Amino acid sequence: MSSKEIKNYINTNRRDFANQPFSEEMAFDNPIKQYEKWFEEAINSNILDPYAACLSTVDNLGRPSSRILYIRDIISEGFVFYTNFNSNKGSDLSNNKHASLNVFWGELERQIRIQGIITKVDDVISDKYFSSRPRASQIGAWASNQSQKIKDRSELESKIKYYEKQFQKKNVTRPPHWGGYCLSPTLLEFWQGRSSRLHDRIVYTKDDNQWSKSRLSP
Ligand SMILES: Cc1cc2nc3c(=O)[nH]c(=O)nc-3n(C[C@H](O)[C@H](O)[C@H](O)COP(=O)(O)O)c2cc1C
């Protein structure tokens with residue numbers, strides 16, 4: 001495809017959304033319950049990796065950065081994901097705890113936007129999750145200085161070999177630089193595509209530990 005054809009494709013492809021309503025009456029009072037309901041529907045719709053989300057963080061100069069990761073747990077405090085604390089996102093979060101998650105389930109024409117504050121989860125939670133990971137992923141957590149430049153793939157592979165030897169016939173312990181973060185939400189927005197771009201948007205905000213919901217204009 002030429003650049004012109006790509007441009008043409010982007011400019012001219014239009015589709016309307018199926019007109020599935022989402023209203024204040026349909027929305028639970030608790031947004032986590034609502035998330036779980038939509039999550040169940042995502043599973044039932046065979047969406048690939050329904051626990052994938054886009055995490056956005058901001059660095060110390062105010063520059064935003066986004067990447068996909070997996071939401072691995074929902075605890076009373078919020079949404080948990082696992083990563084390398086020394087990665088770019090880890091460095092952003094050490095400067096600025098404000099972050100957002102975005103979930104897009106195209107097949108259901110749904111988007112969920114979540115904003116909140118991120119803190120590290122308890123070591124016990126990270127240890128438990130780390131011990132449930134496949135051994136190769138555990139070794140990978142030791143071998144990869146996530147987000148750092150490396151010379152070539154063989155550099156990574158030789159570090160893998162090194163740590164495989166270190167942990168030969170032993171359980172792989174969790175590296176101190178690897179674990180979970182929890183985003184405690186202060187805002188969640190549930191977006192449902194509707195006909196003629198007149199979408200339904202129900203937003204929940206938290207004040208004095210109480211959730212309230214409102215409708216936003218599309
Ligand atoms: C489907 C998918 C799932 C991913 N899951 C994770 C994850 O759970 N944790 C993680 O650290 N990176 C995950 N990644 C990789 C991140 O997108 C990213 O490359 C990495 O975390 C480094 O980001 P950073 O340099 O901004 O810190 C995933 C990527 C994709 C495409």
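Which residue takes a positive phi in the hairpin of S1 and S2? What we have here is a predicted model, where local features need pLDDT of at least 70, side-chain atom pairs count only at pLDDT 80 or more, and totals for chains, interfaces and linings use all residues. Numbering starts from 1 along each chain as its sequence is written, and side-chain values use heavy atoms, with hydrogens and water left out.

Okay, back to the hairpin. The answer is Gly 62, with phi near 80 degrees, and the hairpin has five residues between its strands. When I say helix or strand, I mean DSSP runs numbered from the N terminus: H or I with at least four residues for helices, E with at least two for strands. S1 covers residues 52–58 and S2 covers residues 64–75; they run antiparallel, joined by seven bridges. Strands count as paired if DSSP finds at least two bridges between them. Val 58 sits opposite Pro 64 in S2.

S2 also pairs with S3, residues 78–84, again in the antiparallel sense, over four bridges. The hairpin joining S2 to S3 goes through two residues, and Ile 71 stands opposite Phe 81 in S3.

Now the ligand. Which residues are around it? They are Arg 67, Ile 68, Leu 69, Tyr 70, Tyr 82, Thr 83, Ser 87, Asn 88, Lys 89, Gln 146 and Ser 147, where being near means a heavy atom within 4 Å. For polar contacts, think of a pair of N or O atoms within 3.5 Å; within protein, one must be able to donate a hydrogen and the other to accept it, and residues adjacent in sequence count only if both atoms are side-chain atoms. The side chain of Arg 67 has an N or O atom 2.8 Å from a ligand oxygen. Ile 68 uses a backbone N or O atom, at 2.6 Å from an oxygen of the ligand. Gln 146 puts a polar side-chain atom 3.1 Å from a ligand oxygen.

On to helix H2, residues 31–44. Its 14 residues reach 20 Å from first C-alpha to last, close to the 20 Å expected at 1.5 Å a residue; that expected span is 1.5 Å times one less than the number of residues. Pro 31, Gln 34, Tyr 35, Trp 38, Phe 39 and Ala 42 are buried in H2. Those residues are on the same side of H2, because they cover an arc of only 135 degrees around the axis, taken from the directions from the helix axis to the C-beta atoms. At the start of H2, a side-chain oxygen of Asn 30 comes within 2.7 Å of the backbone nitrogen of Ile 32.

Next up, Arg 174, in the loop between H6 (153–166) and S6 (178–192). Is Arg 174 buried or exposed? Buried, because its relative accessibility is 17%; the cut-offs are under 20% for buried, over 50% for exposed and partly exposed in between, with a 1.4 Å probe and protein chains only. Its side chain makes a 3.3 Å polar contact with the side chain of Asp 123, and a polar atom of that Arg 174 side chain lies 2.8 Å from the backbone oxygen of Trp 178.

Last one: Glu 109, in the loop between S4 (98–105) and S5 (110–120). Its phi is positive, near 55 degrees, and it isn't a glycine. At 11% relative accessibility, Glu 109 counts as buried.
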